[in-house]
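Here is a short briefing on one protein chain. Please look over the sequence and the fold before reading on.

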Amino acid sequence: MSGFTSILTRKMIPAFLALAPDEGYSRTCMKEVKLLRVNEPMPHTPVLYEPCIVIVLQGKKTALMGGQAFIYDAGHYLVVSVPLPFTSQTTASQEEPLLAMSVSLDVSLIAELIIEMGERAPTDNENAGILFSTPLREELADTVYRLLTALGNKEQARILGPGILKELYYRMLIDTQGASIRAALSGKGHFRQIAAAIRTMHTRFMDNIDIDLLAKVAGMSAPSFHRHFRAFTGTTPKQYLISIRLHQARFLMVKSNVTASEAALRVGYISPTQFSREFSRFFGCPPQKEAHRLRHLLKVKAESYWPE
């Protein structure tokens, strides 16, 4: 990180803390932007990210997927191009809490940007992926700073916010990994086929979905689908679907305070015992204990909980 970028990041922290004075998630006056403050380390936590950009101003997070580690800290930002479950580690303390901003990806706006970019529009790119950790450069850091500043004033957020958000997307698309990110977000090659299957899994996770159906959605043979799916996500389709169901069940327990048995039924489990066993193995503790832990850790009321 350059000296100028480091100075910008330090300038962002007071603006961030004014918007997020308490631990946990904080909404902002722009629906695309949410803030996270964590005062203690969180080792090996299963998370589910929606498509987003995550900029860390202080502290560090590490995404672990398929044997790879993706670091996002004050010098690097994370891009997630499809809904993605993975394991996250958080470095934070009372003296130096994690301060992170998540910006959801507006797919329609990004598609318009890619068209406007013309000659930069992606071709089929085998480097297209679903997770990117990229150095935070001066131009993007400046855009983030102006976005945080605008969020401190409702009128500025309403008038200036959409333009700054579009600039943020543009800076991402032309950055170090811009070609791969553009290929991923525009849906090219095998990534497009796998992304179609992933969207089906996220909209129909409560149904009895088998590999043959997903392969058909992707337009591949079952063996080819299985191979390419694992290459992109680092896991099998079956394990990916299980992780979606378990994350959704945890979300229901935290948001709606439902029982583990009710959450299990809502996400497609027939056997509460199987659900409890798989949940405990995945999150490391029983369902209700995990829901209570998450509420306490993120300091949020049930009705205001966001998935990670």
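The points below go from the overall fold to single residues.

This is a predicted model, in which local features need pLDDT of at least 70, side-chain atom pairs count only at pLDDT 80 or more, and totals for chains, interfaces and linings use all residues. Residues are numbered from 1 along each chain as its sequence is written, and side-chain values use heavy atoms, with hydrogens and water left out. The protein chain holds 13 helices and ten strands. Helices (H or I, at least four residues) and strands (E, at least two) are DSSP runs, numbered from the N terminus.

**Overall shape**

- For 308 residues, a compact globule would have a radius of gyration near 19 Å, and the protein chain agrees, because its own value is 19 Å. The radius is taken over C-alpha atoms, and the globule rule is 2.2 Å times the number of residues to the power 0.38.
- Along the principal axes, the C-alpha atoms fill a box of roughly 55 × 45 × 35 Å.
- Residues 24 or more positions apart supply 73% of the contacts with a separation of 6 or more. A contact means heavy atoms within 4.5 Å.

**Surface and burial**

- Of the 308 residues, 54% count as buried. Buried means under 20% relative accessible area, exposed means over 50%, and partly exposed lies in between (1.4 Å probe, protein chains only).
- The protein chain exposes about 14100 Å², and carbon and sulfur atoms supply 52% of that area. Accessible areas come from the Shrake-Rupley method with a 1.4 Å probe; for residues, only the protein chains shown count as cover.

**Charge**

- There are 35 positive and 28 negative side chains. Lys and Arg count as positive and Asp and Glu as negative, while His and the chain ends are not counted.
- The centres of the two sets lie 4 Å apart. Each charge is placed at NZ of Lys, CZ of Arg, CG of Asp or CD of Glu.

**Salt bridges**

- Side chains of opposite charge can pair when their charged atoms come close.
- The whole structure has ten salt bridges. A salt bridge is a side-chain nitrogen of Lys or Arg within 4 Å of a carboxyl oxygen of Asp or Glu.
- Lys-166 pairs with Glu-116 at 3.4 Å, N to O.
- Lys-166 is partly exposed at 29% relative accessibility. Glu-116 is exposed at 55%.
- Arg-146 pairs with Glu-167 at 2.7 Å, N to O. Arg-146 lies in helix H3 (residues 138-151) and Glu-167 in helix H5, so the pair ties together parts 21 residues apart in sequence.
- Arg-146 is partly exposed, with a relative accessible area of 30%.
- Salt bridges link Asp-142, Arg-146, Glu-167 and Arg-171 in a network.
- Asp-207 and Arg-204 also form a salt bridge, with the closest N and O atoms 3.1 Å apart. Asp-207 is partly exposed at 29% relative accessibility. Arg-204 is partly exposed at 35%.

**Positive phi angles**

- His-44 has a positive phi of about 45°, although it is not a glycine. His-44 sits in strand E3 (residues 42-49). At 53% relative accessibility, His-44 is exposed.
- Asn-257, a residue other than glycine, has a positive phi near 60°. Asn-257 lies in the loop between helix H10 (237-256) and helix H11 (260-266). Its relative accessible area is 54%, so Asn-257 counts as exposed.

- Leu-8 lies in helix H1 (residues 3-19). Leu-8 is buried, with a relative accessible area of 4%.
- Beyond its neighbours within four places in sequence, Leu-8 is in contact with Glu-138, Ala-141, Asp-142 and Tyr-145.
- Leu-8 and Thr-90 are 82 residues apart in sequence, and their C-alpha atoms are 23 Å apart in space.
- Lys-34 lies in strand E2 (residues 33-38). Lys-34 is buried, with a relative accessible area of 18%.
- Lys-34 and Ala-20 are 14 residues apart in sequence and 9.4 Å apart in space, C-alpha to C-alpha.
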